[in-house]
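Thanks for coming. I will talk through one model today, starting with its sheet and ending with a pair of helices.

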Amino acid sequence: MERIENSEVAEELIGRGYSRRQLGRIAALLGGGLALAGNAESVFAQQSAKAVAGAVRIGSNECWTGPLPAGAEAAMLIVAQGNRYEPDDEHAKLFAAVSEVEGVPVDRILAWPGSSDPLARTPITFSSPKRGIVTADPTYESIWRTGAWIGAKVTKVPLTSDYRHDVKAMLTADPNAGLYYVCSPNNPTGTITPIEDLRWLAENKPKDAVLLVDEAYVHWSDTPRAAQLAVERDDVIVMRTFSKLFGMAGMRLGLTFAAPELHKRMMRYDGGQVTNMLPMTAVACGTASVPLAAQIKARAAQMVSAREMAIAHLQKRGLKVIPGSHANMFMVEWKDRTPKEMMAALLGQGVQIGRSWTAYPQMSRITVGSAEEMQKFCLAVDKVLMA
Ligand SMILES: Cc1ncc(COP(=O)(O)O)c(C=O)c1O
């Protein structure tokens, strides 16, 4: 393995404005060993709250249930061949299955251990102290932490009044950024940014900048997906994860769709260590799950119905909920109670909810669990509000 500090990559990074010190940080972040256990920990901090025994867990945007049964079975079967790094071209089988479903050519697909790795890797590859990162606010903040860590300017642009990414304002806010990040459906609001807006941003951003579309929650939406943009264009990366609807957060599997040249650039930072070393259980589970269109739809529909039931209940209690969620989450405002107070009070009722975001400090994010869990949540809210 080539070390970043000693490679021609180092020269390229210095040319892009990194100092030697920042280079060391990047090395520490990507395959750099010991330093990862120290400061870099917060860069990768997962949102998963510590489990409280017996509580309903609707705080971390995980799926309330496990992998689709056929996926779980494929994972269990391949355990017997765990002695082989790759028993029979498992990565290729995954890419073929994904290509069939998404219409993305296999040479534009890479697999990762979840999407957190490419989400840290893209800023390192495409932004720098000279070329910033633009995101919405609120959004999934992981990329803010990576940007801060590597010394890239991070520009945060409020969502529109109907909670879309304001792509025009994003471009105006930093017309020379290296990376524009759009999360659609957005975490924490669950709201969609239409494909026309994504296309506009791709067409109008600087030619050498990259548009990264994070579609972690895309399975709850039936609006057009961005995958096609990553097929048509060589400057768009679309990111997917199996941690959400596929119920595989602990198994670790994610994908990027992008031009081979973009992937090649992302791979320079020790990428081969991760993409070619995925656990076969995760790869087999993903391969078996991806084609199950009817089951994916049914799972999503079940959670949408639980979400809408809970939202209707909260609205009946006079609480404001951000409208338009197309994901397994929504945000609610608690009138005269703070999110922290509600989090503690609901935990007292055995329900673990999510946190607030700096842009919406009066609101809590609620992950959608099973219908039964959402009923428990509604009951717990009633008890707390009436106490
Ligand atoms: C929008 C978004 N992107 C990426 C991730 C990273 O998840 P993972 O690394 O499990 O794929 C999350 C996790 O919550 C997320 O909400």
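This is a predicted model: local features need pLDDT of at least 70, side-chain atom pairs count only at pLDDT 80 or more; totals for chains, interfaces and linings use all residues.

Residues are numbered from 1 along each chain as its sequence is written, and side-chain values use heavy atoms, with hydrogens and water left out.

The sheet, then. It is open, with 7 strands in the order S2-S8-S7-S6-S5-S3-S4 and mixed pairing. Strands are DSSP runs of E, at least two residues, and helices are runs of H or I, at least four, both numbered from the N terminus. Pairing needs at least two DSSP bridges between two strands. From one strand to the next, the twist averages 25 degrees. S3 (residues 133-137) runs parallel to S4, joined by 5 bridges.

Helix H4 (residues 90-102) packs on the sheet, touching S2, S7 and S8; contact means heavy atoms within 4.5 Å.

Now the helix pair. The axes of H14 (residues 339-348) and H15 (residues 371-386) come within 9 Å and cross at roughly 110 degrees. Axes are lines fitted to C-alpha atoms, for helices over the stretch in contact, and angles run from 0 to 180 degrees between N-to-C directions. So H14 is roughly perpendicular to H15, a label for angles of 65 to 115 degrees. H14 contributes Met-342, Ala-345 and Leu-346 to the contact, and H15 contributes Phe-377, Ala-380, Val-381, Val-384 and Leu-385.

Technical notes. Angles under 35 degrees count as roughly parallel, over 145 as roughly antiparallel, 65 to 115 as roughly perpendicular and the rest as oblique.
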